[in-house]
Amino acid sequence: MRVLRYLIYLWNAKVFGPFLIRLNLWLNARREKGKSRWNQEILSPPLKISYRNKELVAMHWLEGRYANLGKKVVWITSGAPVELFKALDFFVLYPENHAAICGTARVAVDICSEAESAGYSRDICSYARTDFGSMLSGKTPVGKLPKPDLLVTCTNICQTVLSWYRVLAHHFDVPLIIIDTPFVYHRQAADHAIEYVVKQLEDAIPVAEKVAGKALEQSRLEEVARLSKQATELWMEIMKRNTHCPAPISVFDQFIQMAPIVEMRGDAITVDFYAAMLQEVDDRIARGIGAVVEERKRLLWDNLPIWYRLRYLAELLGQHGIAIVASTYTNAWGELAHLIDPSKGLRSMALSYTYAILNRGTGHKLETMTRMIHEFQLDGVILHSDRSCKPYSIGQMDQRDRLIREHNTPALLLEADHNDSRAYAEEQVANRLAAFIEMLE
Amino acid sequence: MRTYCSFLGLHQCATIIPMLDKTIPGRTINIPPRSEIIKSIKEGGDLIAGVFPIHYPRELLRAFGIHPIEIWGPPRVDPSAGVSHLQPYVCSIVRNALAFQQSSGLDIVDLLLVPHACDSLQGLGSVLLDFIQPQQPIIPFYLPRADGDVAKEYLIAELKTLYIQLKIITGKTPSDDELQDAIVKEERYDEKFSELYIAREELPLSTESFYKLVRSREYVPGEDFVNLSDGVLDQRTDAENSYTGIILSGIVPEPMDLFTAVEDFGGRVVADDLACCGRRRYSAGRSQDPFERMAERLLSGPPDWNRGNSIGQRLDYLVEMIDRKKAKGILFYTVKFCEPELFDTPILRKALQSKGVPSLILEFDINDPLTNQALTRIEAFMEMIA
């Protein structure tokens, strides 16, 4: 029976399913003939690598659909040390990524409503509500989500994920690993905080091994960490290319192309993907192609994207020659590459995951923003005040104030929510952006 | 150690908050107001720490001669002073705390201790440290969410770091014996706190008076808290049981006339799962090492998301409390925008319902009075469970 289940998994996830996905993508590409729904009079054509991104993401969720037949499944937070679980051959699912897909596909509100009907307040994170709604109703744009055998939450992005995964653990009745990373208020994390994280990682291994039914091999862990580091470095290189004027890719492109660095970190295909993307970006630079056709002003984006209005915002800004070329959010997936040292095992892992930007003080984020303003020659900053992400948003009012007063950089606070369009008022956003654009001129 | 209430003669003086005493005419229990406590501490030459919610080592502060005065909001302050720093979707406890600080309400304190409880308190600590930079030192304190020895080891190290920070601020270096002395005293005060809970049905106090007394632990020095408590415990009477008992769960019971409203509808809060009250019924530590003992104490206590406890643990605790207190229902009294509470309540309510325990959820903002809508809902709930 077990063998049969595994064969069904292989056939669907690795043979027939991928064939259908490729066929579907090929037919779509033929139909679209390289055209994009995004306004190409304002914005450059989509990256060619987008096709490969769609394929990777589709394959990932296809495998997820059948994963319970062939693999152990872990649901994990985006900031968690995924390498341990990759090395144990878990199928890794990121509920945050799934929620973002729901947001982009504009089905998040419908799915959130399922959670709200079950009693979850609209004042909790819209990613969590999307996840709960999907868990309770089965609604998802990716077909079907596999049930977790293990849950892993890491507090380095917020305390919300601790509350969120406690709910998941209760619902699914599976083990929950908590990796608690004490918040870094000052410039350096305390030694005992790093030691605490290391010990939790050590304690997590036997729990994960028991669920996986296999022992963790050191060589495999090092290999996954090496691949994770390579992909992260490549991602960072891609983002750094935006120091060129015009910027070859926009932050909206980054939001879309970041899916593999989040959900496939530690895989060889991810390294290949970003190596190819870097080549294409370099090619754009060589040919003088900018993400915005007539780039006149360059901005920084702070906080998560507004997933359901990416195209609207890209076009609205693009028609004024404004390119958003850097983001603290996409930067977060690359800036800690230097801390990953595959030969130094869990300590290196503890360091890189403790120093995530969301686990550091509001002053550190301001420093990051000011550094990026100089590095990318930026003209202003848009701070998305995200109702659903308090750790990212608290501090923004002071950050904006300092940017304006001390760094002479125009900055705008834009009220919205990353996944719940009910907390987004388009007219207000348009008015505020119009006033901000006028100020930039 | 000097008792400040006695020093100021507060048991007899005019600046008192009288507490209802339902059975013995003419007798009142007088809790000195915060301002008097602060004044007496200052006059005695000691320091005051303004402490934000929830868990922190009182005994360590006391060993340095620092008196903690807790800041749960405070309620009903003008929140406008903090609006230039915090978005409106941050809970009113944190917004009020910042507004209070911005309107000089905390100028009197010598240091601010910011325990890390949630994203909002984390943000408050960070904004204070990085941008507002008040005149007093800001000390963050992180309570571990992990379980077992690893959490205890971390907390011991965190307490040692706090010791060094307090040493720098005060210039004092309490010895292990002095630390143990402070620990034992605070454990005794904790025990008195728990004793009040155990004897609450026999106490000649209204529910509101009871909570005024237990919440005085937020600012009254422990030695005076014991005197106040003994004054009540000495007057035990036969338990009265002509009411419908309910459990109150949440963060903080503001406004306090909530209790009167429940009583007016024939009910009584017979136990609680409140962050400022019942969730801080710590057990005494056992170790002879002072830091280990402080860690043991802080990690004890009822299940709490702040310690990373599971929802199942919270549920078991509530069910046991309901059975023990023969409560008929639970009121989840939640501060708006308090994510950790809002995540837990749907599962808790559903599971309790399956066990035949009805519940009601009320959201509030600590600046608001008890609304007619809330009163109507409480009345309907009390009628339903009576």
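In this predicted model, a salt bridge links A:Lys199 to B:Glu153, with 2.5 Å between the closest N and O atoms. Across the interface of chain B and chain A, 3 salt bridges are found, along with 25 residue pairs in polar contact, both residues of each pair being at pLDDT 80 or more. On the side of chain B that touches chain A, at least two residues each come from α5 (119–132), β4 (138–142), α6 (148–170), α12 (311–325) and α13 (339–354) of chain B. Of these elements, α5(B) gives the largest share of that side, with 10 residues.

Counted by residues, the interface brings 49 residues of chain B into contact with 52 residues of chain A. Together the two chains bury about 4,400 Å², and carbon and sulfur atoms account for 61% of this area. Within chain B, the residues that lose the most area to chain A are B:Tyr89, B:Phe131 and B:Phe343, which together make up 20% of what that side buries.

Turning to the fold of chain A, strand β5 (residues 297–302) runs parallel to β6(A), and 5 bridges join the two strands. One of the residues involved is A:Leu299, whose bridge partner in β6(A) is A:Ile324. Helix α13 of chain A (residues 310–318) belongs with this pair: β5(A), α13 and β6(A) form a right-handed β-α-β unit. Strand β6 of chain A, spanning residues 322–327, is mostly covered, as 6 of its 6 residues are buried.

Technical notes:
Residues are numbered from 1 along each chain as its sequence is written. Chains are lettered from A and ligands numbered from 1 in the order in which they are written. This is a predicted model: local features need pLDDT of at least 70, side-chain atom pairs count only at pLDDT 80 or more; totals for chains, interfaces and linings use all residues. Side-chain values use heavy atoms; hydrogens and water are left out. Buried means under 20% relative accessible area, exposed over 50%, partly exposed in between (1.4 Å probe, protein chains only). Helices (H or I, at least four residues) and strands (E, at least two) are DSSP runs, numbered from the N terminus. Two strands pair if DSSP finds at least two bridges between them. A crossover is right-handed if, with the strands pointing away from the viewer, the path from the first strand over the helix to the second runs clockwise. Contact means heavy atoms within 4.5 Å. Buried area is the accessible area (1.4 Å probe) that two parts lose on being put together, summed over both. A salt bridge is a side-chain nitrogen of Lys or Arg within 4 Å of a carboxyl oxygen of Asp or Glu. A polar contact is a pair of N or O atoms within 3.5 Å; within protein, one must be able to donate a hydrogen and the other to accept it, and residues adjacent in sequence count only if both atoms are side-chain atoms.
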